[in-house]
Amino acid sequence: MKDKYLIGSIPVSGTDIPLITTELNSSDFLGAVMVRWGINRNNYWVNPGLYAVGFPTQESDVFVTANYKLSFDALRKNLTGENGWILVLDTKGVNVWCAAGKGTFGTKELVNRIRIVSLEKVVNHKWLILPQLGATGVAAHNVKEETGFNVHYGPVRASDIKKFIRDGYRADKEMRRVTFGFKDRIKLIPNDFMYDKFYLLGTMAVLFLISGISSKGFSFSNFSGEGGPTLLKVLLAYFSGIVITPLFLPYIPGRHFSLKGFITGATVFLFLVILKFADKNVIELISWFLIITVISSFLAMNFTGSSTYTSLSGVKKEMKISVPFQIGFAFIGIVLQVIGKFI
Amino acid sequence: MKDLLYLTDVVTLNLCEDTCNGCGMCIKVCPRDVFELSGKKAHIVRRDYCMECGACALNCQVQAITVNSGVGCAAGIINGILKNTEPTCGCSDSKSNCC
């Protein structure tokens, strides 16, 4: 199933170079949907090496990409009608941007891969096209020094490749910029939803246990009345941090992600109060305010990693301010939750 | 679409204009349009938009750019603290996620 994109081979100086199709089929789409949900995500890769697209010759362009299947698919589907070579680096199945940050999509691997596939025997030029986001791991001048190949950075998005070629191998300002629009954000939500599920289950477990407490002590019979609403409130808080905040990210006030998450959580809490779904005494009410906002704030803060515009220094600064608040909110929230059961 | 802006006055990006040879590579690799070329020198024109990816510094032949690059990822920073390492988002290990 993994190799359905292979449609033949092209012999070049005694070696058969696999020829691939630029058409994605149903298994490619299904695989993409699954990895977006975190299923099979760490095992979604293609073999590193050289591939052919169309009817490439010695003059054809060489496009470099990562061996994460989604990266490979994004590139090949945008090369329909083109003739070229695809050099797939071994990034351990990780996408270009993340792998470049870690250095696996890097100078050393590119230099090695050029040598392994004997690229100088396949093409008669010294010209490689790399995705711009690979620049975080690749030093173009070092690649040139070690192999003689010139690294030319293409656009950020594979969908701009044809325009890039048409424009004389020039990436304009828009092609060079990362964006983080609604569609980009929505794609990330399923994976974050699945990844942070242990926070959800852990919080649910703790609060569910607390819901068994009443002024008469701990009893399993309390679960039937209190357990359901408790779990639902935690789920809503989770949804607030992982789904609502990322979706409306640019429109929620504040620049700190944790503040944005707090605001969304507070809004969700307000709806619960209006719908009379919040609790009977003021202590429990305050407790739920703290718990819902802290869950939402913490998860929204974690979305900094999925976003494409936060810096390490910025996130550190944000965390210095937010994490002490979050710890305080969580602690007081849980304590009040228990106290509230005795009122 | 307007570029999203994170916290201001915080990034560690520095460019030594005296050392710069005006090759323009930083402009080509920057995904946040931070640099501009004028008078055969690069200049930082949108500092607060920098996300410290480090592509400019790595691709600067004359090492005119410095930046403490790393992942702008809260989960990565927590991971780093727990494992006593540099912030890492663990994209290539089995517990991966954040990018």
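Contact here means heavy atoms within 4.5 Å, and with that in mind I would like to start inside chain A. What does A:L119 touch, once residues up to four places away in sequence are left out? The list is A:L50, A:V62, A:I114, A:L128 and A:F149.

Before going on, a word on the model, which is predicted, so to speak with its limits: local features need pLDDT of at least 70, side-chain atom pairs count only at pLDDT 80 or more, and totals for chains, interfaces and linings use all residues. Residues are numbered from 1 along each chain as its sequence is written, chains are lettered from A and ligands numbered from 1 in the order in which they are written, and side-chain values use heavy atoms, with hydrogens and water left out.

A:L119 belongs to the largest nonpolar core, which has 74 residues, and is one of the members that touch the most others, together with A:F105, A:L110, A:L128 and B:F35. By a nonpolar core I mean a set of buried Ala, Val, Leu, Ile, Met, Phe, Trp, Tyr and Cys residues joined through side-chain atoms within 4.5 Å, where buried is under 20% relative accessible area, exposed is over 50%, and partly exposed is in between, with a 1.4 Å probe and protein chains only.

Turning to chain B, strand 2 (residues 35-38) and strand 3 run antiparallel and are joined by 4 bridges; strands are DSSP runs of E, at least two residues long, and helices are runs of H or I, at least four, both numbered from the N terminus, and two strands pair if DSSP finds at least two bridges between them. Within this pair B:L37 stands opposite B:A42, and the hairpin has 2 residues between its strands, with B:G39 in the turn showing a positive phi of about 60 degrees.

B:D48 lies in the loop between strand 3 (41-44) and helix 2 (55-58) of chain B, and it counts as partly exposed because its relative accessibility is 23%. The side chain of B:D48 reaches the backbone nitrogen of B:D9 at 3.0 Å.

Finally, the charged pairs: the whole structure holds 14 salt bridges over all chains, a salt bridge being a side-chain nitrogen of Lys or Arg within 4 Å of a carboxyl oxygen of Asp or Glu. In A:D73 with A:R76 the closest N and O atoms are 2.9 Å apart, and both residues are buried. Why are these two about one helical turn apart? Because they are 3 residues apart in helix 2 (residues 69-77) of chain A.

Conventions:
A polar contact is a pair of N or O atoms within 3.5 Å; within protein, one must be able to donate a hydrogen and the other to accept it, and residues adjacent in sequence count only if both atoms are side-chain atoms.
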